[in-house]
Amino acid sequence: MDSALSDPHNGSAEAGGTANGTTRPPSTPEGIALAYGSLLLMALLPIFFGALRSVRCARGKNASDMPETITSRDAARFPIIASCTLLGLYLFFKIFSQEYINLLLSMYFFVLGILALSHTISPFMNKFFPANFPNRQYQLLFTQGSGENKEEIINYEFDAKDLVCLGLSSIVGVWYLLRKHWIANNLFGLAFSLNGVELLHLNNVSTGCILLGGLFIYDVFWVFGTNVMVTVAKSFEAPIKLVFPQDLLEKGLEADNFAMLGLGDIVIPGIFIALLLRFDISLKKNTHTYFYTSFAAYIFGLGLTIFIMHIFKHAQPALLYLVPACIGFPVLVALAKGEVTEMFSYESSAEILPHTPRLTHFPTVSGSPASLADSMQQKLAGPRRRRPQNPSAIYEESNPKDAAAVTEGSKEGTEASASKGLEKKEK
C-alpha cells in the first residue's frame, strides 16, 4: 500500500502499511491508478492556469495583485529558511501536544484558505453574474504615519462580486474546519498552489536554477538523510498537500486511505514554468515552445516519482526527479535553437509594461549631480512632456499658486493696455 506524504515546503512519497495502529487492506490496482492519476491532474491544473494568470498579473495595475519577485539572494536563502522551519516544526511536534498545534494551524490556514480561494474563483465567478448586478467598488486602506511620512501598509481594492466570492469561500472554510474533509482540503490546496504560481515571480532563469538546485539538495537530505520530513508530514494537519483516496471505489467519499502530494512539488517547479512562459512571450514569436517543453518535463518528472515510489515502497523526494527534468529539457531545447544566451539574459522584472515608464539608457552628462539629475529627468519625460518655451510657463510649473496670481495680474494688465489703446484710437 502506497501513500504520498508531504511537508509544508514540498512533498515526498512513502510506502506504509498501517494507520492508527491497525492494518489496512491493500488497495486495488484500479484504486491506486485512480488516485495517482487524479493527483497528477490536480498538480497540472494550478501550474497551467497559474502560469497564464502570472502573465496578466505582471501587467496588472492593482497594487494588491502585484507579484512578489524572487531574487537570487532570496533563492539562495530559501533552502536554509525551509530547513529551519521544517526542523522547528519537528521539534514542536516532539515537545508540545500535537492536538493544540494543529488547532492553531487550522485556524491560521482557515483564514488564508478563504482569501486564497476567493482570489482564485473571482475571475471565473464574474462570468456568472448578471449584467445588472449592483457591483459597488470598495477600498481597504491602512496607512502608517501622517503627512509626507504617510506609508501604505494595506491598499486592497475590491467590489461586491469579490464579497460574494468571499462568502462562498467561507462556506468551504467552515466545512474544512469542522470536518477536515479531503475535498475541502483539496480546494484550499489548489487555491494555494494557483496563487503561488501566479503571484511568486522569479526574476530570471539563473535565479530559478539556484532555487530549484537548492531545494533539490534540501529535499534529498531531509527525506533520505533523516525521518524529519516524513514525521512532520504525518503530524501536520493543514491544507498544504493534495490528497486523493486509493479506496474511493470501495468506500466512496468516506474513504480514508490517501495518496498525497505536497504543494511545494507544485509551486516550486510551477513558478519556473511560469517564468519560461513569460520568456516565450518576450520572444514575440507567437510560440510557447519553452512553456510546453517544461510542462511536459513536469509530467515526466512527477510520473517518474510516482513510479519509483510505487516500485520501491519507500519515501521519495519528488524534487529529485522534477528539478533535472524541468531545468534540463528547456535548456536542451535552447541549445538546439541557439537561444541559450537569450534565455539566461531574460529579466522578468525588467519587462516594459504599459503603465510603467522605463529608463532605456543613461545619459552621459558631465558637471554637478544636480545637472545630471535634471538631464535624467528630461530623458524620462521624453516625448510625454513638452518643455515650456517661455519664462512664464516655467514659473507656472514650479510655482502654481503664485503663477495663478501672476496670471490674473497679467490678464488685468492686458485688459488695461487694451482699453488704453482703444482710447487713443478714439482720440
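Reply: A325 lies in helix α11, where helices are DSSP runs of H or I with at least four residues, numbered from the N terminus. This is a predicted model, in which local features need pLDDT of at least 70, side-chain atom pairs count only at pLDDT 80 or more, and totals for chains, interfaces and linings use all residues. Residues are numbered from 1 along each chain as its sequence is written, and side-chain values use heavy atoms, with hydrogens and water left out.

A325 counts as buried because its relative accessibility is 4%; buried means under 20% relative accessible area, exposed over 50%, and partly exposed in between, with a 1.4 Å probe and protein chains only. Leaving aside residues up to four places away in sequence, A325 touches A297, F300, G301 and P330, contact being heavy atoms within 4.5 Å. From A325 to T293 there are 32 residues in sequence and 9.8 Å in space, C-alpha to C-alpha.

Helix α11 (residues 319-337) also meets helix α6 (residues 205-225): their axes come within 9 Å and cross at roughly 160°. Axes are lines fitted to C-alpha atoms, for helices over the stretch in contact, and angles run from 0 to 180 degrees between N-to-C directions. The two helices, α6 and α11, are therefore roughly antiparallel, the word for angles over 145 degrees, while under 35 is roughly parallel, 65 to 115 roughly perpendicular and the rest oblique. On the α11 side, the contact is made by L319, L320, V323, P324 and I327. On the α6 side, the residues include C209, L212, F216 and F224.
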